[in-house]
Amino acid sequence: MAQQKKSQPQGDSPLPFVLAITGASGAIYGMRLLQYLMDSGQPVDLLISSAALRVMLEEHDLTFGENLRGELLRYLELPDTVPLKLHSLKDYGASVASGSYRTRGMAVVPCSIGTLGALAAGLTENLIHRAAAVTLKEKRTLVVLVREMPFGHIQLKNMLALSEAGATVACASPGFYHRPQTVSDQIDFVVGRVLDQFDFDNTLFKRWKEDSRPIIQGKSGKAHQGSKS
């Protein structure tokens, strides 16, 4: 299996990070990851599926109008000036559809079972699939965070196929050794472990054998609450 190479930011111009949020339960993981990256000044190319928007409605009572970017930033209490580009999933001319567009890598958080199957089969039915295929062929870091249980035989085979292709397959499985006190602690544990795969130096959770709890970076409360927009 070819070894993945991690793209690092250079100087004052960090490479963009590609984030896809798909229609699995756990949209909060993707929103919290986005919030952290924006608080850190990390440029992000964002892809959100229609199924993900439905999950946000069901799990957080969130509805969005035509200005999805602006409304999402307001919900996350982020300024409109953050380095965020939102792409239409039908736009095959988008930057992330090309391998010559250099990125730090891509994370699908959360990754639905349908998206998992499409990526494992090499399908490119929308921009999320295409961006992931580009990430793999360019041997950049691709992380898919699956939120499902139990896994069937087909899903396990798809995970193995993606892993053999060079992706990192992770499950939204928070630990307990950090002595979580809130749901937010568990969300940050998972998001922090995703960030670890891209070598982001984060302190979102207490690591194994650390003596003290971390200082949480950025605004974490709002993203963990349900509200109507």
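**Close-up views of a predicted model**

**View 1. Glycine 166 comes after helix 6.** Helix 6 is followed by glycine 166. The phi angle of glycine 166 is positive, near 115 degrees. As in the other views, the coordinates come from a predicted model.

**View 2. Helix 6 runs over residues 153-165**. Its 13 residues, at 1.5 Å a residue, should span 18 Å. The C-alpha atoms at the ends of helix 6 are 18 Å apart, which agrees with that expectation.

View 3. Gln155, Asn158, Met159 and Leu162 are buried in helix 6. The packing partners of the buried residues are helix 4 (113-121), helix 5 (127-137), strand 5 (142-146) and strand 6 (168-171).

**View 4. Glutamate 138 sits in the loop between helix 5 and strand 5**. With a relative accessible area of 25%, glutamate 138 is partly exposed. Glycine 99 is 39 residues away from glutamate 138 in sequence, yet their C-alpha atoms are 6.4 Å apart in space.

**View 5. Glutamine 42 is in the loop between helix 1 (27-39) and strand 2 (44-48)**. Glutamine 42 counts as buried because its relative accessibility is 4%, under the 20% cut-off. Leaving aside residues up to four places away in sequence, glutamine 42 touches Pro14, Leu15, Pro16, Phe17, Leu37, Pro83, Arg104 and Phe200.

Definitions and conventions. Residues are numbered from 1 along each chain as its sequence is written. This is a predicted model: local features need pLDDT of at least 70, side-chain atom pairs count only at pLDDT 80 or more; totals for chains, interfaces and linings use all residues. Side-chain values use heavy atoms; hydrogens and water are left out. Helices (H or I, at least four residues) and strands (E, at least two) are DSSP runs, numbered from the N terminus. Buried means under 20% relative accessible area, exposed over 50%, partly exposed in between (1.4 Å probe, protein chains only). Contact means heavy atoms within 4.5 Å. The expected span of a helix is 1.5 Å times one less than its number of residues.
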